[in-house]
Amino acid sequence: MQEGTPLQSRQINRELLVSILNSPKWFWMAVGILGLIVLFAMGTAGLMINKGMGVTGLNRPVMWGFFITNFVFWIGISHAGVMLSAILRLSKAEWRRPATRAAEILTVFSLMTAMMMPLIHTGRPWRLVYWIYTVPFVPYDYARGIWPNVRSPLVWDPSAVYTYLTSSILFVIIALIPDFAVLRDRTTGISNKIYGMLAMGWQGNPRQWKLQIIAGVLLSALILPVFVSVHSIVSWDFGMAVSVKSWHSTIFAPYFVVGAVHSGVSAVAFVLIILRYIYGWQNYIRHEHIDALARLLIVVATGWFYFLVMEIVFGFYGREADEIAVRNLQFMITPWNIWMMIFVGVTYFLPVAIWLSRSARRNLWIMSLACISVNVGMWLERFLIIVPGLARKQLLTFDWYTYTPSAVEWIIVGATFAMVSMLMLVIARVVPLIPLYDIKEGEILRTEIKIGRVSVPATFRED
Amino acid sequence: MAKAPILGLFETADNAADAGDALKAAGVPQTDYDFLTDTPYPEGAFGERHEGHRLYIFPFVGALIGLTVGVMLTSMTSMAYPLVQGGKPIMSLPPMAVVTYESTMLTAIIFTIIGIIFESRLPAFKQGLYDTRITEGYIGVLANVEEDQLTSTQTLLTQAGAIDVVRNSGGPGA
């Protein structure tokens with residue numbers, strides 16, 4: 001699968017470094033606007049800390065709401081990086097080349113955003129210091145001799161997420177070294193010095209390239225199990241919670257992992273479309289790449305839908321009172337049942353219907369719509385797992401309640417999208433979001449072979 | 001006599017490989033010349049020497065250290081705060097396995113990164129002879145030869161198709 005025209009190394013440098021060497025005029029304005037939104041949300045969070053959690057819609061029994069929903073959502077988005085980068089690298093899929101870097105960086109930023117949400121949710125984020133247990137032998141609340149409870153999923157969760165975050169950052173940095181060398185050679189002054197330091201004296205000899213290629217494969221193989229563990233463990237925040245019986249589902253781990261891949265890959269496809277549009281990378285992010293992602297998404301979405309149906313069927317089949325109460329809320333009571341219909345429609349039926357059509361897969365506007373639709377749906381999915389479960393947590397109807405998010409929660413959650421967008425823009429100003437050497441490698445390995453009377457594009461694949 | 005570097009720049013991989021063959025035929029040891037590119041070429045494309053490495057040891061060492069740290073962290077913190085919950089043992093293996101797994105993987109990955117940098121001979125504080133045109137797609141053939149062989153090596157590289165031969169680092173932006 002190859003389209004487009006062969007590219008020269010100099011042209012690749014010029015076109016892919018445009019975001020760094022010649023940033024567009026709107027760049028600072030866009031960063032400024034997004035930054036103001038983030039600042040406003042920070043002020044709102046400050047207000048919440050000052051006034052207390054009473055300014056949110058959280059209540060008893062619905063003690064997890066928008067913030068935790070948003071946490072799970074961003075963890076899900078982060079799964080795109082490894083999904084695309086590691087699996088496609090290991091399977092040597094040719095169309096991975098333009099997508100890997102953006103996916104990996106999106107992973108890092110969405111993980112950082114995700115980790116902010118539980119901190120904001122605590123209402124007392126300065127107590128973070130008590131949570132830092134992942135540094136070995138550093139206890140929290142040492143003065144009172146209280147140590148981390150290893151048996152709690154809420155301790156597993158940060159250990160998994162921080163492992164994934166650290167690994168992803170290192171993965172990105174290692175793959176950036178050759179591109180830092182290109183930037184070192186194209187810049188002057190202080191930029192040259194900084195990129196020179198980051199390139200660490202990279203020359204591009206066969207030994208360095210060999211190690212770089214092995215690094216990609218080896219790190220992919222090492223990060224893949226971490227990637228699976230992260231969202232499994234996030235699902236265990238719910239699945240292993242003692243008090244909410246409707247969350248006790250044995251299929252939560254694979255269900256969450258596949259759901260995360262579904263939303264994450266959709267987000268990457270959307271980011272690629274945006275990058276193609278704003279930086280004019282039509283030669284690199286081609287219709288064939290978006291098409292391939294859409295075809296992959298059909299499989300992922302169908303796998304996710306299977307788990308969704310199983311989760312609902314198992315819930316009903318046991319006919320336990322707690323479970324039936326939650327399902328009754330989700331399917332019979334307005335507006336929850338309307339949200340459920342919207343969620344299933346926009347997460348599965350609408351996008352998959354779009355992706356089944358080749359012309360729709362190659363229409364970037366329609367693809368953008370489908371990708372946004374999936375992510376709206378996946379956000380709703382987490383909301384519709386968390387809130388109804390808590391609203392019907394107790395057996396007696398006396399303790400049932402509902403949840404209405406406050407303006408404070410809307411602002412903070414909305415600003416996380418502005419923050420990730422801003423960080424992606426800023427990082428595009430500093431590092432190439434499409435790996436230069438990967439694209440160049442693709443160019444030297446591509447050729448045309450003649451079969452009968454037709455010439456077809458071909459790619460050499462090294463073992 | 002001291003050795004001095006000389007760098008030939010080539011437009012095609014074929015010419016660079018020819019230069020490598022010519023240097024070999026002229027008696028330059030394979031350890032004294034190298035190929036510099038801005039993209040990974042298939043191994044052996046220039047007839048270069050086989051590069052051995054011990055990268056695979058690093059993740060294993062890291063995993064062992066992480067496993068040990070994980071077991072110690074989970075067991076010692078459990079014992080340090082012995083609160084019985086739901087009649088479960090204080091040192092419960094399934095939850096210990098989760099945190100231990102993460103610490104094992106984390107340390108394996110960190111050690112792999114260290115291994116990649118170490119085996120790539122980075123950071124190279126002294127870069128040596130280099131030309132920024134290499135990151136524009138030119139292939140550099142860098143040879144370290146006796147000073148009295150510089151002229152003959154320059155001729156040899158030019159005959160192999162070098163578009164330029166440099167003895168001092170340079171190029172745009174250098």
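1. **Ground rules.** This is a predicted model, in which local features need pLDDT of at least 70 and side-chain atom pairs count only at pLDDT 80 or more, while totals for chains, interfaces and linings use all residues. Residues are numbered from 1 along each chain as its sequence is written, with chains lettered from A and ligands numbered from 1 in the order in which they are written.

2. **Make-up of chain B.** Chain B has four helices and four strands, in the order β-α-β-α-α-β-α-β from the N terminus. Helices (H or I, at least four residues) and strands (E, at least two) are DSSP runs, numbered from the N terminus.

3. **Overall form of chain B.** With a radius of gyration of 26 Å against the 16 Å that the globule rule gives for 174 residues, chain B is more spread out than a compact globule. The radius is taken over C-alpha atoms, and the rule is 2.2 Å times the number of residues to the power 0.38. Along the principal axes, the C-alpha atoms fill a box of roughly 85 × 35 × 30 Å. Of the contacts in chain B with a separation of 6 or more, 83% join residues 24 or more positions apart; a contact has two C-beta atoms, placed from the backbone, within 7 Å.

4. **The sheet.** You will find an open, antiparallel sheet of four strands in chain B, ordered β2-β3-β1-β4. Its edge strands are β2 and β4 of chain B, each pairing on one side only. The twist averages 20° from one strand to the next; axes are lines fitted to C-alpha atoms, for helices over the stretch in contact, and angles run from 0 to 180 degrees between N-to-C directions.

5. **Strand β1(B) and its partners.** Strands count as paired if DSSP finds at least two bridges between them. Eight antiparallel bridges link β1 (residues 3–10) and β3 (residues 139–146) of chain B, with B:Lys3 opposite B:Glu146 and B:Leu9 opposite B:Gly140. B:Leu9 also has a bridge partner in β4(B), namely B:Asp164; β1(B) and β4(B) (residues 164–166) are antiparallel and joined by three bridges.

6. **Helices on the sheet.** Helix α1(B) (residues 13–25) packs on the sheet through β1, β2 and β3 of chain B, at about 15° to β3(B). Helix α4(B) (residues 150–159) lies across β1, β3 and β4 of chain B, and its direction makes about 15° with β1(B).

7. **Contact between the chains.** Chain B puts 53 residues into the contact and chain A 55. On the side of chain B, the elements giving two or more residues are β2 (33–36), α2 (57–80) and α3 (93–119), and α3(B) gives the most, with 15 residues. This side of chain B holds 29 nonpolar, 15 polar and nine charged residues.

Notes
Ala, Val, Leu, Ile, Met, Phe, Trp, Tyr, Cys and Pro count as nonpolar, Asp, Glu, Lys and Arg as charged, and the others, Gly among them, as polar.
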